[in-house]
Amino acid sequence: MNNALVLFSGGQDSTTCLAYALQNFSYVETLGFDYGQRHVIELDQRAILRTKISALKPEWAARLGQDHTLDLSILGKISDTALTSEMDIKFNEAGLPNTFVPGRNLMFLTFAAALAYRRHVTHIIGGMCETDFSGYPDCRDDTIKAMQIAINLGMDQRFILHTPLMFLNKSDTWQMAEDIGGHALINIIQSDTHTCYLGERGALHDWGYGCGKCPACKLRSEGWLMYKNKLPA
Ligand code: ZN
């Protein structure tokens, strides 16, 4: 079955994954999570992005199926992090920022698989990335591979978890979007995706909207500069 479910938050990475899925699979559904994130604005961008991306190519429009959103607000309630409550972003001694939401990707993948089970979808696609992973242990390749085994054993299925951005940096991710959808896709990602942890969407910079100071904005803007200037990482 050449069908896929994309974990689609409305950020740069998951939007690139959506384009990747539309290029590589014959039928694609999307899934977003409301987990009490401060940047909940990203969820509002999802419908806009789906409409604009599917309009880029007729075959993409034909392949794009249903959208789903799941309420995982319990995650925000049990976590004490700068991503889910009003506090300054800080780093612990091991370099892990307090934007890390423990269990987030583990829960996301488990719920994605539960939905994929009901929808008879085989391939699950996520934008997890080990290169620019901000120290998040649940973005590592080994974590995702372990989840694939656990989910398949626990649900007696043969889901395949794809992470096309796993070994790319943010500059490579911009380049991948250009390779898949050209400058039309780059323009959509620039103006309609949301990355900023603080939910800031005041001024449009050439790399997109955001405060320009939080770790997510820094990664995104530095990656954009590298991509634009074709600098080696
Ligand atoms: Zn920001």
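C196 is buried, because its relative accessibility is 0% (buried means under 20% relative accessible area, exposed over 50%, partly exposed in between, with a 1.4 Å probe and protein chains only). This is a predicted model, where local features need pLDDT of at least 70, side-chain atom pairs count only at pLDDT 80 or more, and totals for chains, interfaces and linings use all residues. Residues are numbered from 1 along each chain as its sequence is written, and side-chain values use heavy atoms, with hydrogens and water left out.

So what does C196 do here? C196 sits in the loop between helix 7 (170-192) and strand 6 (204-205), and C211 in the loop between strand 7 (208-209) and helix 8 (215-229), so the pair ties together parts 15 residues apart in sequence (helices, H or I of at least four residues, and strands, E of at least two, are DSSP runs numbered from the N terminus).

Leaving aside neighbours within four places in sequence, G223 touches K170, S171 and W174 (contact means heavy atoms within 4.5 Å). The C-alpha atoms of G223 and D172 are 7.9 Å apart, though 51 residues separate the two along the chain. Helix 8 also carries W224 and Y227, 3 residues apart, about one turn of the helix, and both are buried.
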